[in-house]
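Subject: Structure handover

Hello,

Here is the structure I said I would pass on. Please look through it before reading my notes.

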Amino acid sequence: MHDLTISYGGEPVLEGASLAVGDGSFVSLVGPSGSGKSSLLRAVIGLQRPLSGTVETGLAPSQIGILFQDDALLPWKTARENVALGLTFNGMVRGKALAEADAWLARLDLAGLGDRFPRRLSGGQRKRVALAQVLAMRPKLMLMDEPFASLDAIVRARVVKDLVALVEREKISVLLVTHDLEEALSLSDDVYLLSQGPRARITEHYDVPLPRPRDPVLSRTHPAFAPLYERLWADLSREVDQRAEAA
Ligand SMILES: Nc1ncnc2c1ncn2[C@@H]1O[C@H](COP(=O)(O)OP(=O)(O)OP(=O)(O)O)[C@@H](O)[C@H]1O
Ligand SMILES: [Mg+2]
């Protein structure tokens, strides 16, 4: 992403944003509410036309998986059918797609739940079905916008752990928007901080030197974690305080 500016009705919300997601790397974007994080993700998939600047993924749309805050499962289809949907849409025969779907459900600890309709699954299970749906498409890049915000701490930790193991194994690149600074650092190779909008900018970049494979919980006890967290927290607080003073 190079020098990206996004504006609504002539008002720039995000200005001059440049960032790179390396092949197979995990990148998080944090910043105050309204700083343009969701707008930036939409620009990556062409749902948002930037005022200026460029986004280059080198990927076909089908190679980009998207997981937004609200899971988009179809209520009238079972978990298995939901996961198989994208595969059959891409031309896979139904039987094979359903078998693939079962394999992905099992990988996400949902074996035996394939026949359930979404309303009969817990929030965490639904989130994992949505994750299976995206992963089954074998994306090269995943865009995620606060996908786990509605989950309780334990379920969230489990889903995130599954996700990390899978993206590491499949070498999927990730761009994650999160408000959780610990989550950003514990999962990522790079974290970018957006300043308070309007006219938000990317003001900081943090290189996260924690080892891989990564345990998203245990990595928080690594000696490199606390100093990075303190820096990120201080930088974000400064952004929010400055804006509060200006107001
Ligand atoms: N379709 C739209 N039309 C006009 N303004 C918009 C539109 N979408 C977003 N905005 C504005 O652009 C700014 C950035 O919105 P965006 O949703 O990208 O922020 P965000 O960083 O994702 O915030 P949050 O953390 O609250 O999700 C906000 O001030 C928002 O009100
Ligand atoms: Mg948002």
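The notes below go from the whole chain to single residues.

This is a predicted model, in which local features need pLDDT of at least 70, side-chain atom pairs count only at pLDDT 80 or more, and totals for chains, interfaces and linings use all residues. Residues are numbered from 1 along each chain as its sequence is written, while chains are lettered from A and ligands numbered from 1 in the order in which they are written.

Overall fold

The chain has seven helices and nine strands; these are DSSP runs numbered from the N terminus, with helices being H or I of at least four residues and strands E of at least two. Along the principal axes, the C-alpha atoms fill a box of roughly 60 × 45 × 30 Å.

Of the 247 residues, 39% are buried. A residue is buried if 20 or more other C-beta atoms lie within 10 Å of its own, exposed if 12 or fewer, and partly exposed in between, with C-beta atoms placed from the backbone. Two residues are in contact if these C-beta atoms lie within 7 Å. Among contacts between residues at least 6 apart in sequence, 70% join residues at least 24 apart.

Pro198 is in the loop between strand E8 (190-194) and strand E9 (202-207).

Helix H4 (123-136) is mostly covered, with 12 of its 14 residues buried. Its buried residues pack against strand E5 (64-67), H2, H3, E6 and helix H5 (153-170). Leu131, one of the buried residues of H4, is in contact with Leu67, Leu108, Val159 and Leu163, leaving aside neighbours within four places in sequence.

Leu143 is in strand E6 (residues 141-145) and is buried because 24 other C-beta atoms lie within 10 Å. Leaving aside neighbours within four places in sequence, the contacts of Leu143 are Leu41, Val44, Ile45, Ile64, Ile66 and Leu175.

Backbone details

The peptide bond from Arg212 to Pro213 is also cis, with omega near 0 degrees; Pro213 lies in the loop between E9 and helix H7 (225-246). Asp3 has a positive phi near 55 degrees and is in strand E1 (residues 2-8). Asp3 counts as exposed because it has 12 C-beta neighbours inside 10 Å. Asp109, in the loop between H3 and H4, has a positive phi near 70 degrees.

Regards
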